[in-house]
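Please examine the sequence and the structure before working through each solution.

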Amino acid sequence: IRNLAIGAVTMAPITEDSSSVNLATLFEQYENDFPEGNAFFRITVDTEDRDALIAQLDAAAGGPRDTTAIDTGLRNGTLPVGLAAQVAHRFYAEGLMLRRRAPRFAGPLAGVDELAAVAAAVGSTVVVDTTALLTMALLPEDAANLLAGRFVLRSTSQQLLDANASRESLSREAGGQFIPSSTERGAEFVPDDPVEREALRGISQTLVEWFRRTERVSNRHQDSELIVALGEAAGTWTSAADLAIKQGLAFWCDDAATRRIVSAAGVPTFGTPAVVEQARIAGIADGALADSIDAALIHRWSVGVVYRAPAYQLALDIYWGAAHGIAAAIRYGGPIDAPGKLSLMLSAMGRTSDRPEELQRWVYLATEYLSEVASDSDAAHSNRVILLRTLLAAPWMTAATLPFVIVAVKAAAPDTWREAFRAAFQLVFKTLVDDYGFDIAGSFGLSLIANLEEADRLVAVSVIIER
């Protein structure tokens with residue numbers, strides 16, 4: 001009872017005079033009663049020493065922790081996002097919303113015909129997960145209504161309660177977010193961005209409203225075989241998946257790793273990109289409308305949207321060429337339509353050539369992407385040479401922009417960039433010599449590399465001298 005009382009006092013908003021409430025006394029009494037099972041940590045706060053305070057908080061949080069497996073799984077889309085939120089001791093919906101500017105792996109599972117699953121579920125009841133309802137909350141209202149209106153949506157009461165709790169958590173003025181250290185990075189305190197915090201509040205409210213539009217079923221006892229096998233890893237994030245398995249209903253979820261669990265039970269699953277694609281095929285959404293919805297999904301960091309140049313171009317235009325959701329869609333979208341994606345990235349580089357940080361992001365992305373979609377190391381090297389050759393000959397390339405390009409290529413391919421740069425510069429320089437003669441080509445080449453670091457500049461100089 002005292003535990004609940006302390007939670008109520010510390011978490012509830014203060015709406016009246018609280019001078020009669022002595023939190024220090026309550027905490028001291030709690031510590032005395034529960035000396036070994038204390039949920040609170042007492043630390044000495046030195047307000048003049050920020051680093052010491054962060055170190056104390058980190059120690060209390062158990063840092064540094066080895067989060068390599070979690071970070072890799074989230075980055076590649078192989079770890080359920082709900083499990084990551086649970087490990088971080090966050091509400092499911094809260095964790096999703098705080099990660100809304102990270103890749104959201106909503107695309108189809110390999111070997112699963114999600115279009116057929118959508119077509120079979122149209123007009124019927126489907127179990128919808130928080131991830132999919134969050135997508136609806138992020139999309140333009142008309143688009144969300146069009147997609148969701150094709151089904152009868154059923155959710156779990158547990159995920160609605162979680163969404164409500166997430167909304168309350170995000171409504172509090174925390175001042176910032178403490179992030180414990182890992183083996184890869186130090187602890188830090190990230191101050192709140194008032195604009196971002198207000199945006200999250202709005203999204204959380206819309207998410208709750210979407211839950212209220214669904215049929216809700218309590219699923220306190222998750223007892224399907226595959227969910228039980230997860231043991232303590234199961235939680236709120238698995239309640240909708242468990243319900244879909246037990247009721248044999250199609251499962252709409254925008255996290256591929258979670259869908260994989262349900263698919264293994266033989267239950268049809270799909271994500272929002274498949275819903276849009278099937279609506280396009282069925283003529284429910286014409287080409288232009290479907291492209292605009294796809295662009296909105298990409299803008300909101302969805303990975304797995306079918307590549308179509310108009311949709312991806314629209315997504316690029318939303319942020320004036322900045323490498324946000326569109327960059328994630330390309331980076332994690334696989335090798336299909338690689339030439340079209342490269343063309344889009346080159347276009348983005350031209351648009352951001354006067355914004356060094358954005359230009360670097362695009363060059364890094366292109367280098368990494370072309371290396372990963374290659375069949376072997378030789379093909380990866382050839383791809384890097386082609387990319388650098390194209391960039392060196394780009395109309396926007398100058399002595400001022402080249403250093404940013406090289407920094408990005410170095411970061412993406414630290415062990416192999418030099419050979420690729422040399423080979424690309426040789427090809428470009430040869431073309432210049434053939435077209436304009438050695439003197440003009442040499443003068444132009446030296447002016448282009450003038451702002452590079454000495455070691456990098458010498459790579460190009462050696463090409464000129466050897467010629």
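**Exercise 1.** Determine how the residues lining the second largest cavity divide into nonpolar, polar and charged.

*Solution.* Step 1: the model is predicted, with local features requiring pLDDT of at least 70 and side-chain atom pairs pLDDT 80 or more, while totals for chains, interfaces and linings use all residues. Residues are numbered from 1 along each chain as its sequence is written, and side-chain values use heavy atoms, without hydrogens and water.

Step 1: a cavity is a set of points on a 1 Å grid over the protein atoms alone where a 1.4 Å probe fits but cannot get out, and lining residues have an atom within 4 Å of a point. The lining consists of L392, F425, V428, F429, L432, F444, G445 and L448.

Step 2: Ala, Val, Leu, Ile, Met, Phe, Trp, Tyr, Cys and Pro count as nonpolar, Asp, Glu, Lys and Arg as charged, and the others, Gly among them, as polar. The division is therefore seven nonpolar, one polar and no charged.

**Exercise 2.** Identify which helix gives the most to this lining.

*Solution.* Step 1: helices are DSSP runs (H or I, at least four residues), numbered from the N terminus. Step 2: helix 23 (417-436) and helix 24 (438-448) each supply at least two residues. Step 3: helix 23 gives the most, with four residues.

**Exercise 3.** Describe the lining of the largest cavity by residue class.

*Solution.* Step 1: among its lining residues are R99, R104, D254 and D255. Step 2: the lining divides into five nonpolar, two polar and four charged residues.

Technical notes: 1 Å grid on protein atoms, 1.4 Å probe; cavity = no way out; pocket = protein on both sides within 12 Å on 5 of 7 lines; lining within 4 Å.
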